[in-house]
Amino acid sequence: MYTGGWPELYAREGKNIKKYLDDYINSYIEKDIVLTSGIQKQFEFLKFVKLLAGRVGQVLEYSGFANELGVDAKTIKEWTSLLERMRVIFLVKPFSGNLTSRLIKSPKIFFIDTGLACRLQGWSSAEPILTSPQQSFLFENLVFSEIYKLTNNFQLDWEIFHWRTKDQEEIDFLIQKGSNEFLFVESKISYQNPIELKNFPAVRKCFKNKEIPVLHCIMEGDHILNRNVPIALLSELLLSQSGLKRKKN
């Protein structure tokens, strides 16, 4: 979660993670993106990127950022769109079914790389994160990153949504595979009894009698137990459900 997915940090043992991420932020975000995009309010933009990192896994409210930074909501939307195009962040949109009036319509914020999000939050090592209130949000971001990378690397016909209603009915991710196959994924730090969709009225109303599988993705472990899937096994499980296998070197 702290190192992220940068290949060089795994290929070269002993490489300074903090320095590597700092250099990336300095060269790519603070220079390349700012300069090539002609951003005038550079201080506000860089503060905005850090604020975004602090709110991973949360619903994006443009007006809140605008008020906090002293810029208009239009500028916040432009900056958000820019970061999406540059593959720094990804906005997971809400699923839209036949419950339009009940579903929360705002997207949730995720960084494509968790290491970048961690460093922008100010973490200098991994251990303190484990006792931080940010741990659950960053782990949710890690679960998203695994699904996102899998979808892109294998060119899967999947879409990633979140599920949240105005009645506080919430599930972290809803993966739509093709036109009519779905999977709910809930991120939890530790083992939990799996959620039962019969307790989610909006899900039942939207999908009627369709049986939707539910997985809990947890942080530790090396085997699947009662629909609790360790993060280390999530990609392999999702691949196997798609009839694909990862090539081994």
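## Stop one: helix H3

This is a predicted model. Start by selecting residues 42-53, which make up helix H3: 12 residues, reaching 17 Å from first C-alpha to last, close to the 16 Å expected at 1.5 Å a residue. Now show side chains: Phe 45, Phe 48, Val 49, Leu 51, Leu 52 and Ala 53 are the buried ones to look for. What do the buried residues of H3 pack against? Bring up helices H2 (17-37), H4 (62-69), H5 (73-85) and H6 (114-121), plus strands S1 (89-94) and S2 (108-111), and you have their packing partners.

## Stop two: H4 against H5

Keep H4 and H5 on screen. They pack at an angle of about 110°, with axes 8 Å apart, so H4 is roughly perpendicular to H5. From H4, pick Tyr 62, Phe 65, Ala 66 and Leu 69; they meet Ala 73, Ile 76, Lys 77, Trp 79 and Thr 80 of H5. By class, that contact has 7 nonpolar, 1 polar and 1 charged residues.

## Stop three: salt bridges

The structure holds 12 salt bridges. Select Asp 22 and look for Lys 18, its salt-bridge partner, with the closest N and O atoms 3.2 Å apart. Lys 18 and Asp 22 sit 4 residues apart in helix H2, so about one helical turn separates them.

Asp 22 also forms a salt bridge with Arg 119, at 2.7 Å between the closest N and O atoms. This pair links distant parts of the chain, H2 and H6, 97 residues apart. Is Arg 119 buried or exposed? Arg 119 counts as buried, at 13% relative accessibility, while Asp 22 is partly exposed at 25%.

Last, select Glu 186 and Lys 188, whose side chains meet in a salt bridge (3.5 Å, N to O).

Conventions. Residues are numbered from 1 along each chain as its sequence is written. This is a predicted model: local features need pLDDT of at least 70, side-chain atom pairs count only at pLDDT 80 or more; totals for chains, interfaces and linings use all residues. Side-chain values use heavy atoms; hydrogens and water are left out. Helices (H or I, at least four residues) and strands (E, at least two) are DSSP runs, numbered from the N terminus. The expected span of a helix is 1.5 Å times one less than its number of residues. Buried means under 20% relative accessible area, exposed over 50%, partly exposed in between (1.4 Å probe, protein chains only). Contact means heavy atoms within 4.5 Å. Axes are lines fitted to C-alpha atoms, for helices over the stretch in contact, and angles run from 0 to 180 degrees between N-to-C directions. Angles under 35 degrees count as roughly parallel, over 145 as roughly antiparallel, 65 to 115 as roughly perpendicular and the rest as oblique. Ala, Val, Leu, Ile, Met, Phe, Trp, Tyr, Cys and Pro count as nonpolar, Asp, Glu, Lys and Arg as charged, and the others, Gly among them, as polar. A salt bridge is a side-chain nitrogen of Lys or Arg within 4 Å of a carboxyl oxygen of Asp or Glu.
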